[in-house]
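Colleague: I have a few things to ask about this structure. Shall we take them one at a time?

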Amino acid sequence: MISRRDFLQATAAASALTIGSGLGPLGRAAAQQRLTQADILRFDPLGTVTILYVADTHAQLMPLHFREPSVNLGVGEVKGMPPHLTDAEFRSYFKIAAGSADAFALTADDFISLAKNYGRMGGMDRIATLIGAVRAERGDDKVLLLDGGDSWQGSWTSLQTKAQDMVDVMSSLKLDAMVGHWEFTYGAERVKQIADSAPFAFLAQNIRDNEWQEPVFEARKMFERGGATIAVIGQALPRTAVANPRWMFPNWEFGIREDDIQKQVDEARAAGASIVVLLSHNGFDVDRKLAGRVKGLDVILTAHTHDAMPGLIKVGNTVLVATGSHGKFVSRLDIEVKDKQVADIRFKLMPVFADAIKPDPAMTALVEKVRAPFAKDLAREIGKTDSLLYRRGNFNGTFDDLICNAMMSERDAEIVLSPGFRWGGTLIPGDAITWEQITNATAITYPNCYRNQMTGIQIKEVLEDVADNIFHPDPYFQGGGDMVRMGGMGYAIDISKPMGSRISGMTHLGSGKPIEASKTYTVSGWASINENTQGPPIWDVVAAHVAKVSTVRIEPNTAVKVTGA
Amino acid sequence: MVLKSVEKTRRETLAMAAIAGLAAILAPRLSLADEQAVAVEIKKLYGDKKFESGKIKLDVPEIAENGLVVPVNVDIESPMTDADYVKSVHVFAEGNPLPAVVSYRFTPACGKASASTRMRLAETQNIVCIAEMSNGKLHMAKANVKVTIGGCGG
């Protein structure tokens, strides 16, 4: 139970105002103004230590659109709490004006018109500019740069180079340490190879060899910055072996390992750390629970659930940072240390508006170089879209509808399943659909699009299992991303019910008839976690479909009825 | 070590059928996790004696990474002296056709009362651990282990 005392404080809802990130109850006219690079960087410095934090960039080197979710439901104790707020509720909580640059960056409604006004976000050369400016202001010896993971996967170039493009880029940014999740889908050998040779630390206190229980990676690293000792403890996604193919790292065990985090904290303090940071790919709700149970963490840098919040969330004496995804934001934390303890923290979520920030020329050149071998493929135009194509949302996204439509037609299936991944860019109406856009939504190391037979009861069991991974009231029992996307089938879900009784009203959309428990249906899907899955890679399936329809138009999807929220 | 024996775990069956593109053969659904069967077993051992909480650290994963080999660690708080020690520890799985999974007996010479094993769990269920102390006191701890088909992790 989260008590009132532990209640989440949007410290920055107040402090960000004073820092002047452009947040605040501005008038509509002022709200429409774009931010300048100086606005984005403006910060009243504090203390002697600065932590810069990015996460879940999903290998996006170039600026892009990424629409935040309009449906992001919390269950149990976190129902209605940030980050489970969207649109008007989110803006009201964090005091963001509708139509402002921050509203565009952080919420979903009015996305199309705001996208036209504010332009794309992210881009490694813009991120490099922000990082360089903060380092210049504070001095290299005061700044620590951390990456919360999911940085090596999500683009065609990262897939083709087995993450070498991202390793080169992050090394060039002088990254200090990172953790992992999708990184592991390059296989144990490749990840170890990079971890052993990269100039940054690859940390994971919670991965063990499953025979001897020996640590696979360094658990934590101590850094000296601004006269203070900072301990950074790494936490990989605890559910990697459940959420992704275990056969790719068959000898590794994960898990939360709360007691071991506590040991790391205690050892770090004993070794003289003034600041203890958990660099975590747990996901926000897991970290919020963990913050109330592990003692002595000053900061948890959260990731995995892609939440972007312009304020710190406080649980006891621990602050949680949610820095968003796809390179849209860089978080800055200034920390003041007194008597070997954290005395004060000041925070800003810096939005990376690509049009406002002058690209760093060296990084522009590096990005061009790593993309060059694939540039022709990436630019290849397959079709265009008349609809907004986005990914995020608990139950469906229009880009997933496109993928589902592609599987229905190209694989001649009655019902299709597409994983509830949270990554992949957003396209606005009129945009070309290039090979880059298709692979930004599909580039994984287990892409085969299978086709098989399933009974109604099996489909229900899949839905129930996935739903429990998202809506189990205890975050430690949650595992997945968003709900699996369905094509050709509708259903109702009561998210407040227990496992096994959330799903009802399953309907075969082709015939309008109820799904029958014992009847067999032809089903297609992709991203199977099983080894030797047969079928063409999903990007070829999507590209073939887009080429045929030429102009994509996605009708509103009303196939999922949600209650209990 | 006593391993649970079922033909195929639910995770495997579902994952195979649902995700992998193999022929769909639905294994017979296991009976629902049976709290009652565990209660019957415990009654056989200790009659109607009362159980206290505490003393037992039952360490199981919240979510099994591999239902075939779920690590179970038990650690009982005790000085393990001649006057005060843990006599025996029993572990039950509510979803197991034979719910008594493993029993350990200890003597003061053991030094500490801890044990590790791996269990095969076909579906989400509770693991129950009871410890009998040399003074006759009984302790109980329970933990839920989720067995899921996985995938879709975003």
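**Questions on a predicted model**

Modeller: At 4% relative accessibility, A:N282 falls under the 20% cut-off, so this residue counts as buried. Keep in mind that the model is predicted.

Colleague: Where in chain A does A:N282 lie?

Modeller: Look between a strand and a helix. The strand is β9, residues 275-280, and the helix is α13, residues 284-291. A:N282 sits in the loop between β9 and α13.

Colleague: Which side chain makes a polar contact with the side chain of A:N282?

Modeller: Start with what A:N282 touches, leaving out residues up to four places away in sequence. That list includes A:L237, A:P238, A:D287 and A:H304. A:Q235 is on the list too. The polar contact between side chains, at 3.1 Å, is with A:Q235.

Colleague: Is A:H326 buried or exposed?

Modeller: First, the backbone. Most residues other than glycine have a negative phi. A:H326 has a positive phi, near 60°, and lies in the loop between β12 (318-322) and β13 (329-338). Its relative accessibility is 0%, so A:H326 counts as buried.

Colleague: And A:N532, is that residue buried or exposed?

Modeller: A:N532 also has a positive phi near 60°. Its place is the loop between β23 (520-525) and α19 (538-549) of chain A. The relative accessible area is 63%, over the 50% cut-off, so A:N532 is exposed.

Colleague: How many disulfides are there over all chains?

Modeller: A disulfide is a covalent bond between the sulfur atoms of two cysteines. Here a pair must have its sulfur atoms within 2.5 Å. The search of the whole structure gives a count of 0.

Colleague: Which cysteine has the sulfur nearest to that of A:C449?

Modeller: A:C449 is in no disulfide. At 0% relative accessibility, this cysteine counts as buried. The nearest cysteine sulfur is 10 Å away, and belongs to A:C404.

Colleague: How far from B:C110 is the nearest cysteine sulfur?

Modeller: B:C110 is in no disulfide either. With 38% relative accessibility, B:C110 counts as partly exposed. The nearest cysteine sulfur is that of B:C129, and the distance is 15 Å.

Definitions and conventions:
Residues are numbered from 1 along each chain as its sequence is written. Chains are lettered from A and ligands numbered from 1 in the order in which they are written. This is a predicted model: local features need pLDDT of at least 70, side-chain atom pairs count only at pLDDT 80 or more; totals for chains, interfaces and linings use all residues. Side-chain values use heavy atoms; hydrogens and water are left out. Helices (H or I, at least four residues) and strands (E, at least two) are DSSP runs, numbered from the N terminus. Buried means under 20% relative accessible area, exposed over 50%, partly exposed in between (1.4 Å probe, protein chains only). A polar contact is a pair of N or O atoms within 3.5 Å; within protein, one must be able to donate a hydrogen and the other to accept it, and residues adjacent in sequence count only if both atoms are side-chain atoms. Contact means heavy atoms within 4.5 Å.
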